[in-house]
Amino acid sequence: DTYCAPPRPAGYAIDGLDTAKYQHPGGATIDWKAVRASGAEFATVKATRGTNVTDEYLATDLPAARAAGLAVAPYHFYTGSSPDTGATQADRFIAAVRATGYTWQRAGDLPPIFDLERMDDGSGRCPTYGTVDDIRAWLDRVEAAFGRTPIIYTQKSFLDDCLGSTTAFARYPLQLADYRSSITEPPLPNGSTSWAM
């Protein structure tokens, strides 16, 4: 297993990555000590997707990344493919994370992360039944279960195109996706004044 860290963008003091089953081609393991040695300081580990998927590497990656000295957080990929499933998706996430024995006891651990983006079927479409209320159901339930305000991973363009430029999530810390090569500052969603990651 070899991990090659991409160059760190200028001006960014902290480097991290996210993982899911896709980082385990053919069942390969991740050498978390090598990831840490490369300069990575945090890892977000996929826990669940929708109402019925738990990532098969959650139970090994979450504790291994933490043991290697990374700040860690589990994340959930919201699907919105059926109406009013936010609470059900939250319940799956909560159960999956609790089954690993993970708790937010160590200083520096990141809050749970809610991955809010376009459908992952290659279509680029908005989640068919994604609504502010359904998303709030997930956020509220997870915050109540773990006592941590979730971070939302998203893009301004997603919130503009799929949720009518809502400001409903302005109180949440943001992990903003920005795929431009000349990255300086990602565009902030309406109502938000800063981003965390």
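## Thr44 in strand S2

Strands are DSSP runs of E of at least two residues, numbered from the N terminus. In this predicted model, Thr44 belongs to strand S2, which covers residues 42–49.

Thr44 has a relative accessibility of 3% and therefore counts as buried, since buried means under 20% relative accessible area. When neighbours within four places in sequence are set aside, the contacts of Thr44 are Leu17, Asp18, Thr19, Ala73, Tyr75, Ile113 and Met197.

## Aromatic pairs

A pair of aromatic rings is described by the distance of the centres and the angle of the planes. Across the whole structure, a search finds seven aromatic pairs. One of them joins Tyr102 and Trp104 in an edge-to-face arrangement, with 4.8 Å centre to centre and 80° between the planes. Tyr102 and Trp104 are both buried.

Trp104 also pairs with Phe146. This pair is tilted, with centres 4.6 Å apart and planes at 55°. It connects distant parts of the chain, 42 residues apart: Trp104 is in the loop between helix H3 (86–100) and strand S5 (113–115), whereas Phe146 is in helix H4 (residues 132–146). Phe146 is buried, as is Trp104.

## The aromatic cluster

Which residues form one aromatic cluster? The members are Tyr78, Phe93, Tyr102, Trp104, Phe114, Trp138 and Phe146.

## A charge over a ring

A further feature involves Arg171 and Tyr172. The charged end of Arg171 is placed over the ring of Tyr172, at 4.4 Å from the ring centre.

Notes
Residues numbered from 1 in each chain as written. Predicted model: local features only at pLDDT ≥ 70, side-chain atom pairs only at ≥ 80, totals over all residues. Heavy atoms only, no water. Phe/Tyr/Trp six-rings, centres within 6.5 Å; stacked < 30°, edge-to-face > 60°. Buried < 20%, exposed > 50% of the residue type's maximum accessible area, 1.4 Å probe, protein only. Helix = DSSP H or I, 4+ residues; strand = E, 2+ residues; numbered from the N terminus. Lys NZ or Arg CZ within 6 Å of the ring centre and 35° of its normal. Contact = heavy atoms within 4.5 Å.
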